[in-house]
Amino acid sequence: WAKDAGLECQVFDKPWMAIDTTHGIGRGNLYLSADYSLLRAMVQTKGFQFMDAVMPLWPSLSVGPDGTLYATGRDIAFARCKNVQYIDQEPICDYISEFTPDFVIFGGNPGWPNGALHGMIWVGTDHSSGLTHGNVYLLGNVFHSFEDRADLVFRKSTDGGTTWTDAIRVHDDVLNNGAWQWFGMMSVAPNGRIDVIWNDTR
C-alpha cells in the first residue's frame, strides 16, 4: 500500500505502526512513521495520505486515549500530534528534540552485544480509567561507560509529554557490574499495567 500511495521513492528505515483504537473520530486510523515523515491511512475509506509532518527517525508510535499521536525516536526526539485523527486536516505536531538527555540510541562497536542498533526509544500511553489515564511513558537505553555498560530507564509524563519525571532504572542488578541491559520493549495493558522486556547479559 505504500507503493500505491506513491511512496516508492521514500527511504523506509525501521518504520513503526500504530492503530487508533479509541472511540473518537479517528478510530480505525492507521499511522506509520519513517524517516521524519508520517503516513496516515484511513481504514474507513481505504485511502492513504502522505503528510509533511515532522517525525523522529527510527520511531515508535502510540495513540493516546484522546486520539493524540505520540512518536519518539533517534536523536532523542519527541513529537506530539493532537489533530492527526481528523482526516480533513494536515497534522499539527509539536516537535521537541533532545528533550531527555538520559536516553541514547547507540550503534555497534567491537565488544558490544549487538552488531548494529542496540535499542530504540519506546513510547506508550495509558488508556485505563484510573488515576493514570492519559499518562505517556518512555523506555530507552542509557550508556554510561564500558565499566557500567548499558542500563534500561523509564520516564513518565502526566501532561502529554510537556514535562517528564527523572529517569528510573528498570532492572535491579548492582551498578557497575559490567552487564548489558539492551533492546528493551514496552507495552501498556488496558488496565494501565506497564510491561517491559529486554535483553540482559546477566
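## Exposure and the Arg202 pair

A residue counts as exposed when its relative accessible area is over 50%, as buried when that area is under 20%, and as partly exposed in between. In this predicted model, Arg202 has a relative accessible area of 52% and is therefore exposed, whereas Asp200, at 28% relative accessibility, counts as partly exposed. These two residues form a salt bridge with each other, and the closest N and O atoms of Arg202 and Asp200 are 2.7 Å apart.

## Salt bridges in the structure

Side chains of opposite charge can pair when their charged atoms come close. A search of the whole structure finds 6 salt bridges, and one of the pairs is made by the side chains of Asp94 and Arg80, which meet at 2.9 Å, N to O. This pair links distant parts of the chain, since Asp94 lies in strand E8 (residues 93–97) while Arg80 lies in strand E7 (residues 77–81), 14 residues apart. The two partners fall into separate classes of accessibility: Asp94 is partly exposed because its relative accessible area is 32%, but Arg80 counts as buried because its relative accessibility is 10%.

Another salt bridge brings together the side chains of Arg193 and Asp195, with a distance of 2.9 Å from N to O. Arg193 has a relative accessibility of 46% and so counts as partly exposed, and Asp195, with a relative accessible area of 32%, is partly exposed as well.

Val63 belongs to strand E5, which covers residues 57–63, and with a relative accessible area of 7% the residue Val63 is buried. The cut-off for that class is a relative accessible area under 20%, which is why the value of 7% places Val63 among buried residues.

Which residues are in contact with Val63, leaving aside its neighbours within four places in sequence? The contacts of Val63 include Ala18, Ile19, Asp20 and Thr22, together with Tyr31, and they also include Thr68 and Leu69 as well as Thr125 and His127.

Methods
Residues are numbered from 1 along each chain as its sequence is written. This is a predicted model: local features need pLDDT of at least 70, side-chain atom pairs count only at pLDDT 80 or more; totals for chains, interfaces and linings use all residues. Side-chain values use heavy atoms; hydrogens and water are left out. Helices (H or I, at least four residues) and strands (E, at least two) are DSSP runs, numbered from the N terminus. Buried means under 20% relative accessible area, exposed over 50%, partly exposed in between (1.4 Å probe, protein chains only). Contact means heavy atoms within 4.5 Å. A salt bridge is a side-chain nitrogen of Lys or Arg within 4 Å of a carboxyl oxygen of Asp or Glu.
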